[in-house]
Structures are given as structure tokens and as C-alpha cells.
Amino acid sequence: MSTVESTSPSVTPTKAQASMQVPDATGRFGDFGGRYVPETLTRALDELVVEYQKARRDPDFQAELDELLHRFVGRPSPLYHAKRLSGMLGGAQIWLKREDLNHTGAHKINNTLGQALLTLRMKKTRVIAETGAGQHGVASATACAHFGLPCVVYMGAEDVRRQKPNVFSMRLMGAEVRAVESGSKTLRDAVNEAMRDWMSSVEHTHYIIGSVIGPHPFPQMVRDFQSVIGKECREQCLSSIGRLPDVIVACVGGGSNAAGMFYPFIQDTSVRLVGVEAGGRGQIAGEHASPLSFGSPGVLHGSYSYVMQDDDGQTSDVHSISAGLDYPGVGPEHSYWKDTQRVQYTSCRDDEALGAFDLLARNEGILTALETCHALAKAAQIAKSMSKDEHLVICLSGRGDKDAAELARLRGQQW
Amino acid sequence: MPFVTAGDPNMAFTSKVITRLGQLGCSMAEVGFPYSDPIADGPVIQASYTRALGNKLKLQQIFDQIQTDRAQWSMPLVAMVSYAIIHRQGPESFILAAKQAGFSGVIVPDLLVEESHAMSSLCRKHDFNLVQLVTPTTPPERALRIAEASSGFLYFVSVTGITGERAQLPEGLVERVGWLKSRTSLPICIGFGISKPEHVKLLAPVSDGLIVGSAIVRCLESAAESQEQALQSASQLVSSLIAALESQ
């Protein structure tokens, strides 16, 4: 394990309590967040703030979104008691919040449907999106096909290669996938290219950012749309376990599934929250994608948050086996939760994540996305150190079908 | 007013380019500090940043070279720098270093007027200019607020988009600049998309300066193979633009 203290089951005492009343009007979560973008985008971001606040207060908007989440996505997603796995590990009872069972196979659809509805309310006629693992790209393509909006998805050329099934799905639903050849050819470059598109198209195009990153109001808006995960989970715990869980674990790239899972539990200080970043091949810069564990606060992609940068402020190259976590930044609210010590952040190496894939596949019959495997691996370690009458929830953010070919390649097996 | 990318392919060449541009009669030069994730830049400037950073350009090298050669140049120099870089140095350290190197001010393309208070007061404290930007999507009352916060000059972005040469500039540009000009005493320089003598003729009457970036950077792309040829090609372009300006 990359960090030792993370395996300890003890609850970290919280200092200067994390508030749920964030961000403020300028988009700040404590010191983090804000808006660092070219002036060209300001008007659209201001309009988005206004439209989103209006939509939040509009019962019709919420009803329409809820209906879609229920009948189109299949929500609520089950909270599943992984009894065999729990018994095998011999520790805490393990529960899986099955976001992988959503339509399109991940939590990303919760956000894209919300933002697509906003796109229509703003009378914008085109959507762009970035994607890493392709799950957000697929979810954007899906929402756009559902509403009849043209959709362009930017995806790093390296990710196009390693997440082919998702590229094909996006195209099947009529989206245009543009491979980004600049820089490291991964998620960060896809965000850059989508931002550049938006610089020119902002008057008629909405940019559906897929994580809790970017300029205000995106981190707040995406968190809110994803909070359906944590809200459901909280109720499901109360009805299935009879109380709140002891520990919740989620993986963190940009951090949208974790933000959506954690946010409704922020004030439940008895619940230990653990975010797991991509530890890659090791702790040396360039070998991992763990800005909260090894980075420092800086500016990237429109907000102030922990980031991997060199001394000059240039973004560092990062590495992860999973395309969705292969990102040098993280959402500003996670930085806020880190500094207020409400959430514990740790990291998990590539090989540990791969081991966790097999663990769940063989013992529960679930293929898990490589991103989520990082949370699984860490959760399995924590669970072992807990007692059988304690409960641990894992946000099972996505399914692993998309990774089958890449797994075969990594293991030198025939596909 | 030319824009050149610092360190493409190295600082010694950048210095030569600035010298040549000064000799041709440019009144000010903008020096772009390469950044790994430039959101406001089109492919030409992006590629120049990638080349410079690929050659391991460090911030200190930019400051050192400019400081060494500063005395040769009579025109003011302004730095174009992403806020990620300034934040990492600490705004005050950055301002002091840039000033000591011989820059008169800085343009920070991703620092909005709302986020610029701290930087702005530090600039005032050190008698350094913070140039703010107005774009076609900026509402009129906001444009006036930005003009008020700007110092040195006001950067008027001609197009809704990223940097890069355009065949045609948007309609209504002359009117929009003219409107703002009548309401601020600050000089207004127009940038983005400008690359042709026709553009210069159209915009010169309503502005105090025209910024040409991608067209010049493109001329300099081949500098790694032949510096002389690259300089020659940039000189030709700049001379033709200056001639268009003087014909006004």
C-alpha cells in the first residue's frame, strides 16, 4: 500500500468542520474552486449559474429529472450485500452501491441527464463533452440521443485506444468522437480541447463537464446531480442495516462518484469517508495520478485545487492503468474535504487494482471498472481490519466490460 | 505589436527575434510564457509552447535572457502568462522577477476581473501593469468595469474563440471597439485573428495598437532548422503589416 495510515480502522477526528453550505457565491469551497478561465467564457458561466439556480428551485425540473432517473436509468440503484466477499475477507460486512447497474453502466448518466435538461432550458443547440474512460462520453452521447442534441466528445488518443468499446458505443448513438493527439493524449488533453471548442462555440453550445472539476458552477452542479448516489445510499443503509455505515469508500479521479456519494454524509461524522486515488506504479512524480496524496494546491482547468505541477506551474504527466483516473487534477471540494480532514484520501497502485478486479469477478460475479477497482482494493484492506458487525459501503461506480480487452492486453492473453 | 513565444526553440533566438522586431519599428512586444495547458490558444501557439517546453524551457531562463538583453531594446515588453504559472511562483515574487527582468506589465488570459483583486493591488504596489481583456461576449457594463481595472492598456479580443489567424474579422468589431474607446482613456489594443494588411487598415483607425501572434509564431516555426529563414519570413510579414499601418 502506498500509505500506511489509511489501513487503520480508527476514525480520524475532524477539525474545522466541513460544511455542506459550500460553495459560496464565487464558487469557493473554503480556499478552493473559483473561476480561472478566459473572459470569453464568463457570460456563459454566469448564465449557467442563473439557469441552474432557477432549475434547482423549479419542482418541474426536479420531477422531470427524477422521472428520467427512474424509468430511463433504472434508479434507485441497489445497495447489495456482498456476503461471500465479506465472509472471505473475514472482516466488515461489505455493501456495494451498484452504480454499475445504471443504464450505460456507470454513475456518469446521473449528471449528463441533468446537464442535458439544462442545455434545453438555456436553448443551446449543441453539446460537447470530454471523456477519459469513455463512460462520461457514452453517458453524454446517450443523453444527447435521448433529447435529439448533436454531441461532440473529445477523447485522448491513448484513451481511444484503451477504451475502444466505449468509443464504438458513442458513435452508435450518433456522437462524433474526436481523438485528441496533443500532450499526453489522455483526459487532461481532452478537457483542454473541449475548452478550446467551447471558446469558439459558447454562444450556442453547452459543455457538459463530466466531473466535479472546472470553473464555477461545474463543481457544485455536478456534485448535486451525483448526490442522488449518496442520498439513496443513506436511506438504503438505514433500511437494510438499520443504521448508517461505519466506512464508505469511493475512487477519486476528478472525483464525481466520490463527491456524489460523500456529500449527503458530510455531517454524519460517525461515518468514515475514504477517497482512493490512482497510485499507478509508485510514489515518484509521473508514476501516479494522486494529486491529493502527493500534489499541492494550484490552478488547472478553471479552478484552484490540488494538482500535480512542477516548480514552474506546468502540469506534470501522470499515470494510471485506468483512463478515468489518469488525471493530474481533482475537484476543488475534495481539496476542501482533505484540508478540513472530513475525508481521508489515500492511493492504490495499478497492480492492487488489477487484483481487486479478480477478487470481485471470481467471488461475486461482478466485472468492475478499473477505476472502481482502486476503491475495491483499498476497501478490502480496510474491511479486513474491521469486525463482522461493522459495515463498509463501496461506491461501485462502473462496470468492467469496457476494460476486458485492455485487461487481456495487459495480461498478454488472447482477446 | 508582435507576440512571440519565449524559448521557441530557445531563448537566444527569442532575443534575436525581439531585436529584429524592434528594428522594424514595432512599438511594443508581447512575450508568451509557454504553458502546458493553454485553453485560449489555437494550434499554432499551442504547438510553439509544446516545442519550447519540450526543450525543457524553465521560467528562470526567460527572465535571465530578457534581463541580459533588455538594454538593447527601447520598446516596452509585456508578458502573457497563465495564472497557473503565476500562482506557483506566488504573485508578488512573479511580479518582482518580471519587473526586474525588464517587463512593464503582464497579461493573464485566465484571470478574470473578479479574481484579480489581489494581483491587481500587488501590481499597483510595484508599479507594474496588469492588462485586462475584453471579449465579444463581454456585456457593455462589464467591459467598462474591466477597463477601469486594467492598467497599461486594455486588450480587446476581436473574436469569440481562440488565438489563430482568421481570413475575416467579425462584423461590428470596429463599432464595438469605437464604443469602448469613447468611454475609456486607456489605450486599446486589439488582438486574436489579426494577420493581414487588410485587418490592419480596418482596425488601425479605432485602436492604439494591434497584436499579431499566431501569424508571426507560424513564420518562426521552422527556426529549429534555419533561424535566418524564420527571421526573414517573420520580418517580411511584420514589415507588410507596419507598411499597412503607416499608409493610414
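1. Chain A holds an open sheet of six strands, ordered E3-E4-E14-E9-E10-E13, with mixed pairing. Strands here are DSSP runs of E, at least two residues; helices are runs of H or I, at least four residues; both are numbered from the N terminus. Two strands pair if DSSP finds at least two bridges between them. Strand E3 (79–81) and strand E13 (343–349) of chain A stand at the edges; each has a single partner strand, so one side of each lacks a neighbour in the sheet. On average, neighbouring strands are turned by 25 degrees against each other, direction ignored.

2. A word on the source. This is a predicted model: local features need pLDDT of at least 70, side-chain atom pairs count only at pLDDT 80 or more, and totals for chains, interfaces and linings use all residues. Residues are numbered from 1 along each chain as its sequence is written, while chains are lettered from A and ligands numbered from 1 in the order in which they are written.

3. Next, E9 and E14. Strand E9 (residues 247–251) and strand E14 (residues 391–396) of chain A pair in the parallel sense over three bridges. Ile248(A) stands opposite Val393(A) in E14(A). Helix H10 (residues 228–240) of chain A packs on the sheet and touches E3, strand E4 (93–98) and E14. The direction of H10 makes about 45 degrees with that of E3(A). Axes are lines fitted to C-alpha atoms, for helices over the stretch in contact; angles run from 0 to 180 degrees between N-to-C directions. Contact requires C-beta atoms, placed from the backbone, within 7 Å.

4. Seven of the seven residues of E13(A) are buried, so the strand is largely enclosed by the rest of the structure. Buried means 20 or more other C-beta atoms within 10 Å of the residue's own, with C-beta atoms placed from the backbone. Val343(A), Tyr345(A), Ser347(A) and Arg349(A) point one way; Gln344(A), Thr346(A) and Cys348(A) point the other way. Seven bridges join E13(A) to strand E10 (residues 272–280) of chain A, and the two run parallel. Leu273(A) stands opposite Val343(A).

5. Finally, the domains. Chain A divides into domain 1 (5–22 + 74–105 + 227–410) and domain 2 (28–70 + 109–221). The bounds come from an automatic or database domain assignment. Their centres, taken over C-alpha atoms, are separated by 22 Å. The contact takes 42 residues from domain 1 and 39 residues from domain 2 of chain A.

Note on methods: Two residues are in contact if their C-beta atoms, placed from the backbone, lie within 7 Å. A residue is buried if 20 or more other C-beta atoms lie within 10 Å of its own, exposed if 12 or fewer, and partly exposed in between; C-beta atoms are placed from the backbone.
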